[in-house]
Amino acid sequence: LSTDTETLHAASGGTLRFTLFGGPQIAGKAWTLLALGARGRAAAHAIVTIHRVTVIGAFQPHAISLAENCIFDGQVRVARTQQGCMRFCYVTPGSRTPRRYNCQPDLAIRAAREEAERALRATAPFAAMSPAEQNTALDTAAQRARAAAEARVRPQFTYRRYGRPGYMQLGPYCPPEIVRGADDESEQGAFHHLFQPQRAANLLARLLEYVPAGMEPGLITESY
């Protein structure tokens, strides 16, 4: 099933089962709002298995059997949340999904909240508060940490316009949680198969063997 720059609409009768698998497959268009859905219905009659794909736009299947190492740059609205699993994906906040495992920004939000609560508990004013005031302060800190993590951990692309050389390639300022967010510490999304983080790390390791003492090598990307 080829999904390059095509908007998929499942028929209203029956259930469509399909798999998106491989490297540079991108579902949806950068200039449309719907990557997968059904006209006039809350969700398409489709059960999807999706691997290493960048999805642009709203994604509204009946169910997701498995999604792994993907980027969902748009709201995911699944009709059956009790079926399937999403693992090592970026999922736009506010999405309705099946259970998630090691997805972003969930991990970043959890770490930010724990750090904010730990820092707040270590302050003297917090110790002087009543239990009710402490709970209020912790809730406020958690909400701020969540908002900051959601704003920071989001995919950044070189280009969103189809046809450009860097179309949907992760940009130089994309957060490391996404650049190394796949299950094998490669990048999430359509360019996972290039293993660019591992290649950069291997190159730096080799350069370290030859640089003079007291100097450190660095990589400067020629273009994006």
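**Strands side by side**

Start by selecting strand 8 and strand 10 (residues 85-87): they pair in the parallel sense over 3 bridges. Two strands pair if DSSP finds at least two bridges between them. Helices (H or I, at least four residues) and strands (E, at least two) are DSSP runs, numbered from the N terminus.

Before moving on, some ground rules: this is a predicted model, where local features need pLDDT of at least 70, side-chain atom pairs count only at pLDDT 80 or more, and totals for chains, interfaces and linings use all residues. Residues are numbered from 1 along each chain as its sequence is written, and side-chain values use heavy atoms, with hydrogens and water left out.

Now pick Leu66, and you'll see Cys85 of strand 10 standing opposite. Click Ile47, and look for its bridge partner in strand 8, Ala63.

**Rings that meet**

How many aromatic pairs does a search of the whole structure find? The search finds 2. Rings of Phe, Tyr and Trp (its six-membered ring) pair if their centres lie within 6.5 Å; planes under 30 degrees apart count as stacked, over 60 as edge-to-face and the rest as tilted.

Select Phe59 and Phe72: the ring centres are 5.5 Å apart and the planes sit at 55 degrees, so this pair is tilted. Phe59 belongs to strand 7 (residues 58-59) and Phe72 to strand 9 (residues 71-73), so the pair ties together parts that are 13 residues apart in sequence.

Then hop to Phe88 and Tyr101, an edge-to-face pair with 5.7 Å centre to centre and 80 degrees between the planes. Phe88 is in the loop between strand 10 and strand 11 (90-91), while Tyr101 is in strand 12 (residues 99-101), 13 residues apart. Phe88 is buried, with a relative accessible area of 13%, but Tyr101 is partly exposed at 47%.

One more ring to visit: select Tyr159, and you'll find Arg164 over its face, 4.1 Å from the ring centre. A charge sits over a ring if NZ of Lys or CZ of Arg is within 6 Å of the ring centre and within 35 degrees of the ring normal.

Follow the chain to the peptide bond from Gln104 to Pro105, which is cis, with omega near 5 degrees. Pro105 lies in the loop between strand 12 and helix 1 (106-121).

Now jump to Arg52, in the loop between strand 5 and strand 6 (54-56). Its phi is near 50 degrees, a positive value in a residue other than glycine, and Arg52 is buried at 18% relative accessible area.

Where is Met168? Look in the loop between helix 3 (131-152) and helix 4 (176-179). Met168 isn't a glycine either, yet has a positive phi of about 65 degrees. At 1% relative accessibility, Met168 is buried.

**Last stop**

Finish at Leu219, in the segment after helix 5 (196-208). Leu219 is partly exposed, with a relative accessible area of 41%.

How values were computed: Buried < 20%, exposed > 50% of the residue type's maximum accessible area, 1.4 Å probe, protein only.
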